[in-house]
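Work through the exercises below with the coordinates open. Try each task before you read its solution.

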Amino acid sequence: WNAANLLICFVQSMTRGHFTVKCTYFLILYRAFTFGLTFLLYTSFHLSRKPISIVKSELHKNCSHVMEAPSESSSSQQPVLHPELDCSWKPFDRNNYKQLLGAMDYSFLCAYAIGMYLSGIIGERLPIRLYLTVGMLTSGLFTCLFGLGYVYDVHSLGFYIFVQVANGLVQTTGWPSVVTCIGNWFGKGRRGLIMGLWNSHTSVGNILGSLIAGYYVSSNWGLSFIVPGVIIAAMGVICFLFLIEHPNDLKIASAQNSASSNQVVVVKSEAEPSAISFMGALRIPGVVEFSLCLLFAKLVSYTFLFWLPLYITKAAHLDAKKAGDLSTLFDVGGIVGGILAGVLSDKMGKRATTCAVMLLLAAPTVLIIWSDVCLVNGPYALITTAVSADLGTHKSLKGNARALSTVTAIIDGTGSVGAAVGPLLAGLLSAQGWDQVFYMLMTADFLALLVKLHLDNFKGDFLSI
């Protein structure tokens, strides 16, 4: 029981026992409420991930100090430059700072990728509401802990790596849970458009995270983490109070309330299907192929996510706040791309073909950052939402809806491998020039396209996905 169940009691009492007459309208309202609630829940996840990309340019700053030797004639002395004394945050004041920053990204994303494979399996066997709540509260804790490194003047690389790994693991509770929940509430009709709109929470979270982190980054970068950490923890409490995982949970609560009002209720007992195994999920047609496609698409998307603000700072010589604000255009492109992909896939009835066309257009435009993000984030959003939901309810499962979380975790977990490799390679290649990074992104776009073409050549039930 949570606040949503209490709401059912209130509505039933207000309708004087005629809750079943109002049930359809109430389900429609709560479906809209679930759409908005899960949107905000995952917005807070991305809001808490974004600060690290904004704070990077503050952790390593090219600001040499001008010092004067103390003497009586110092007024006539020329200032002595000490370029080795800068205002960077140790240990990121070294010459290999790009590799160190890349290692922080890699530690988070590698832990996220590994944890994602386990998260879906665990999520199928635990109540989603409790599983998601615990994940959000602990994620808030570790996000705040990173910011406290500034407050308590912590300069240990090991501390920041540990926080990133721990945060990466607990953040894996989010995606399988919210996709399973939204998949339970919405059928296949116009799923591409619905999921495209809903998946814009990723970009909205990134934009809000950029703005919040950018507001504090120059004065107190610790608050760039602490404020988002408090927000995601608060959303975890809201999740615990209001989230209902499945429409059937409303019906059960309604039946229990009717029984308590001395009404005769007959509840049909149905054996709950067992959760699918990891290998069983891999055997669903299309899961492996879409997972590999997402690997390359997410490599491109997360390289932009983690390195674009720093690139803008170095290339355009802007301060951290302005670079963070400008990088939000990346996420506006993500919103447009996700909705466009959803609409096109609904119209065409073929999600694989939609992904292939957008990836084909993405590779040549990688240097035009906004358009490339729009085209890459389209397939990224489509695969992680509508395609995952379609595969998780594939007819080969014979109505077993408990595969949705595992399928989502496998696809997003594989994609997260690319998300981990991309920023790491960007940290290594950027030392040789930013052109090398863009060549890597173009290669990843083409590889994603090749996987999609391989998928389209198969004959099978999943071609219409």
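**Exercise 1. The main core**

Which residues of the largest nonpolar core touch the most other members?

Solution. Keep in mind that this is a predicted model.
- Step 1: The core holds 41 residues. Leu-59, Phe-92, Met-104, Phe-146, Trp-221 and Leu-441 touch the most other members.
- Step 2: Assign the core to helices. At least two residues each come from α3 (51-59), α4 (97-123), α5, α6 (157-170), α13 (287-316), α17 (404-429) and α18 (434-456).
- Step 3: Helix α13 gives the largest share, 10 residues.

**Exercise 2. Around Phe-146**

List what Phe-146 contacts, leaving out neighbours within four places in sequence.

Solution. 
- Step 1: The contacts of Phe-146 are then Ile-52, Met-104, Tyr-160, Val-163, Gln-164, Trp-221 and Phe-225.

**Exercise 3. Cysteines and a threonine**

How many disulfides does a search of the whole structure find?

Solution. 
- Step 1: The search returns zero.
- Step 2: A disulfide needs the sulfur atoms within 2.5 Å.
- Step 3: Cys-239 is buried, because its relative accessible area is 0%. Cys-110 reaches 24%, so it counts as partly exposed.
- Step 4: Find a partner for Cys-239. Thr-133 touches Cys-239, along with Gly-236 and Phe-240, when residues up to four places away in sequence are not counted.
- Step 5: Thr-133 sits in helix α5 (residues 128-151). It is buried, because its relative accessibility is 7%.

**Exercise 4. Annotated spans**

Where does UniProt place the feature "transmembrane region"?

Solution. 
- Step 1: The unreviewed UniProt entry gives residues 23-42, 100-118, 130-152, 158-186, 198-217, 223-244, 287-308 and 328-345.
- Step 2: Take residues 158-186. The end C-alpha atoms lie 44 Å apart, and the span is 86% helix and 0% strand.
- Step 3: Take residues 198-217. Here the end C-alpha atoms lie 29 Å apart, with 85% helix and 0% strand.

**Exercise 5. The whole chain**

Summarise the fold in numbers.

Solution. 
- Step 1: Count elements. The chain has 18 helices and two strands.
- Step 2: Check burial. Of the 465 residues, 54% are buried.
- Step 3: Get the surface. The chain exposes about 19900 Å², and carbon and sulfur atoms supply 66% of it.

How values were computed
Residues are numbered from 1 along each chain as its sequence is written. This is a predicted model: local features need pLDDT of at least 70, side-chain atom pairs count only at pLDDT 80 or more; totals for chains, interfaces and linings use all residues. Side-chain values use heavy atoms; hydrogens and water are left out. UniProt positions are given in the numbering used here, feature names are shortened, and annotations may be inferred rather than shown by experiment. Helices (H or I, at least four residues) and strands (E, at least two) are DSSP runs, numbered from the N terminus. Buried means under 20% relative accessible area, exposed over 50%, partly exposed in between (1.4 Å probe, protein chains only). Contact means heavy atoms within 4.5 Å. A nonpolar core is a set of buried Ala, Val, Leu, Ile, Met, Phe, Trp, Tyr and Cys residues joined through side-chain atoms within 4.5 Å. Accessible areas come from the Shrake-Rupley method with a 1.4 Å probe; for residues, only the protein chains shown count as cover.
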